[in-house]
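Here are my notes for you on this one. Have the sequence and the 3D view open side by side while you read.

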Amino acid sequence: MSDDRAPIPGRGPASGARIAARALVAFAAIVTAGTIGFALPHWGGRVPLPHLAIGIAVATLVRWGRGLWPVVLAAIVTIDVVHGSTPVHTAAAATGLTLAPLLVAWILERRRFDPGFRRYRDVPLFLAAAMIGMLVQVLTGELSYAIQPDPQQPMGALLLLRLWSNAFAGALVISPLLIAVQRSSFEQALRRRAEFALYALAVLALAGAALTLPPPGVASQIMRPPLFVLALAISVVGVIRFGFVVAAAGSLLMSFAVAGAFEFDRGAMHAVPMLPGLVTFWSFVGAVTGLVLIVTALLAERDAAAAERLRAERRYAEVFEASPQPLWVYDPATLGFLLVNQATERQYGYRREALLGMRVTDLAAPGEERAVPGPDGAAHADGEPFETRHVSRDGRVLEVEMWTRPIDFGGHSAVLVFAADVTERKALGRALIDAIAGEQRRIGQEMHDGLGQELTGLSLSMRALAIRAGRDHLPLAGDLDQLATLISACIQSARRIVHGLSPLAGADGNLVAALTSLAETGSASGIQVRVNTRLEAPLTLPLEARNHLFRIAQEALQNAQKHAGARHIDIEFAVRPDTVRLAILDDGRGPPDPNAPAAGLGMRTMRYRAASIRGRLSIRPRSPAGTAVLCEAPQTPPPAAALSA
């Protein structure tokens with residue numbers, strides 16, 4: 001199992017000298033903070049404030065390890081001995097103020113706390129751990145007062161709440177700063193030195209104002225709220241511009257200034273009664289410090305989301321660039337290229353810089369109306385690949401299948417294109433279809449000229465024998481006549497087979513006649529099949545192209561009969577000077593499922609045939625019911641002789 005806990009600064013393997021130095025620093029800091037806090041009343045202060053000592057103890061055990069708990073214990077005992085506490089209260093304070101930081105450090109370690117507060121979850125995790133840990137200090141304090149009551153501070157819910165809130169505030173004010181601080185914490189301040197100088201000046205000015213304002217004649221109640229609001233604003237600016245550590249240091253300095261003003265009845269806290277003063281002071285400290293932590297958490301969440309988006313974009317960019325097939329993005333408004341991959345460069349022969357300066361229409365081969373699906377670049381409607389022809393830099397004409405998808409590209413609408421060069425595949429498909437058609441014609445011709453003629457000769461001979469046997473009253477006359485009839489039936493079957501192998505042969509290449517015969521055959525099954533023609537120009541398509549159109553109509557008719565349950569089918573054939581249009585319209589159940597093997601093979605075959613004559617095939621539902629199979633193909637220019645005639 002991998003360990004995803006963030007490394008805690010200073011928690012690597014340490015030498016004995018380093019451990020001793022850490023122990024000495026922690027001991028001195030805890031003792032100094034606690035001693036000064038207890039000494040404030042002797043210097044003219046209102047109340048003792050020894051609570052920073054527990055914050056330093058929490059930071060020591062979280063940052064440098066729980067193994068330093070004896071140092072914390074020794075420091076707390078020293079503070080209470082210097083302060084003159086009774087043995088019972090000293091033992092209770094030493095126990096509570098050692099176990100509380102130990103519990104906080106244990107919870108944070110178990111929950112994989114990041115000491116840099118770089119994740120959203122680290123802020124509420126630290127607050128919860130501090131709240132839970134400080135309950136130990138409250139329980140030990142309650143126990144000490146139960147053993148040795150203090151007449152000046154009677155036991156009660158208010159005292160317990162004060163013990164817990166003071167301990168929690170002490171941990172909240174200084175622990176996060178001491179846990180997170182490291183050299184890299186000041187990189188943003190060093191990069192923005194001018195801004196940092198203004199920030200530091202603002203913090204110092206506000207701290208000085210809290211200690212010295214208001215001037216004579218101005219009530220402190222008027223100046224206090226603007227100062228506190230300004231402190232909150234400065235704290236937010238500090239977090240956003242310089243990071244958590246710098247902002248936490250600024251909020252700590254401003255908290256010290258307000259604490260001094262309260263302790264010595266000066267500045268913004270002048271003439272504030274004791275209880276309201278304590279509430280105001282701790283509310284300010286909690287608001288400033290809590291705001292720094294909350295903004296840090298929000299920024300961490302934002303940065304984490306941005307980092308995840310960046311990683312996703314990099315992964316997508318790597319997949320996009322490494323794709324063996326051409327991928328590109330274009331603007332549907334201007335049709336200009338926005339992004340291309342290496343495979344696109346290889347396929348079209350242009351360098352990336354050249355493609356990014358071109359428009360999609362520059363790739364269209366001569367005679368192609370559209371280089372992308374739709375004049376506005378919209379995705380292909382029926383989900384099938386859009387087929388077109390592109391031209392490469394060296395003039396090669398490429399047959400391309402394109403899939404498109406609208407995407408958001410930097411806040412703007414764009415279209416992602418997958419463009420596969422299928423020139424060789426199409427050529428192979430056309431060659432295969434042509435080979436099959438040629439073999440069908442050869443077999444049909446051989447059956448017509450060989451087997452058909454032989455069967456015809458055999459039928460005539462057999463009929464002559466039957467007539468002679470009947471004239472001579474031979475007993476075999478009836479059998480011979482029946483055999484002649486059977487041979488005639490074989491001839492008809494052979495003709496039907498020949499017509500199926502080469503459907504236009506029986507119509508002398510006339511596509512309209514072949515479609516009419518197809519409709520008559522379809523109507524024989526009880527379905528009404530009609531043919532509508534509109535000939536505005538001579539049909540100049542070669543025999544192979546006409547054969548492909550007939551096969552498309554034949555396949556569509558079979559699909560309508562077998563799969564759609566149609567009762568009425570219309571075959572529409574229109575010839576214009578530049579295009580031919582074939583449509584098979586039915587009133588059945590709609591287009592077949594493209595994922596069905598049989599339907600998929602039939603549709604692919606029709607698309608191959610349409611592509612073989614440079615046509616486009618679409619299969620769409622009709623309203624209110626049915627299917628429309630449409631094929632449009634360009635006309636072949638008539639020969640020069642015909643034009644001159």
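1. Helices here are DSSP runs of H or I with at least four residues, strands are E runs of at least two, and both are numbered from the N terminus. The angles run from 0 to 180 degrees between N-to-C directions, with axes fitted to C-alpha atoms (for helices, over the stretch in contact).

2. Before going on, some ground rules. This is a predicted model, where local features need pLDDT of at least 70 and side-chain atom pairs count only at pLDDT 80 or more, while totals for chains, interfaces and linings use all residues. Residues are numbered from 1 along each chain as its sequence is written, and side-chain values use heavy atoms, leaving out hydrogens and water.

3. Two strands pair if DSSP finds at least two bridges between them.

4. S9 runs antiparallel to strand S10 (residues 627-634), and 6 bridges join them. For Ile 619, the bridge partner in S10 is Val 629. Contact means heavy atoms within 4.5 Å.

5. The axes of H16 (residues 511-523) and H17 (residues 543-562) come within 10 Å and cross at roughly 15 degrees. H16 and H17 are therefore roughly parallel to each other (under 35 degrees is roughly parallel, over 145 roughly antiparallel, 65 to 115 roughly perpendicular, the rest oblique). On the H16 side, the contact includes Leu 511, Ala 514 and Leu 518, while H17 brings residues including Arg 546, Phe 550 and Leu 557. By class, this contact has 8 nonpolar, 3 polar and 1 charged residues. Here Ala, Val, Leu, Ile, Met, Phe, Trp, Tyr, Cys and Pro count as nonpolar, Asp, Glu, Lys and Arg as charged, and the others, Gly among them, as polar.

6. There's another open sheet of 5 strands, ordered S2-S1-S5-S4-S3, with antiparallel pairing. Its edge strands are S2 (337-340) and S3 (386-391), each pairing on one side only. Neighbouring strands in this sheet are turned by 35 degrees on average, direction ignored.

7. Follow S5 through that sheet. Strand S4 (residues 397-409) and strand S5 (residues 412-421) are joined by 10 bridges, with Pro 406 partnered by Val 415. S4 and S5 form a hairpin with 2 residues between them, and Gly 410 in the turn has a positive phi of about 65 degrees. Strand S1 (residues 327-330) joins S5 through 4 bridges, and Trp 328 stands opposite Val 417.

8. Last, two residues to check. Most residues other than glycine have a negative phi. Ala 271, though, has a positive phi near 65 degrees; Ala 271 lies in the loop between H10 (244-263) and H11 (274-322). Is Ala 271 buried or exposed? Ala 271 is exposed, with a relative accessible area of 53% (buried is under 20%, exposed over 50%, partly exposed in between, using a 1.4 Å probe and protein chains only). Arg 614 also has a positive phi, near 60 degrees, and sits in the loop between H18 (597-612) and S9.
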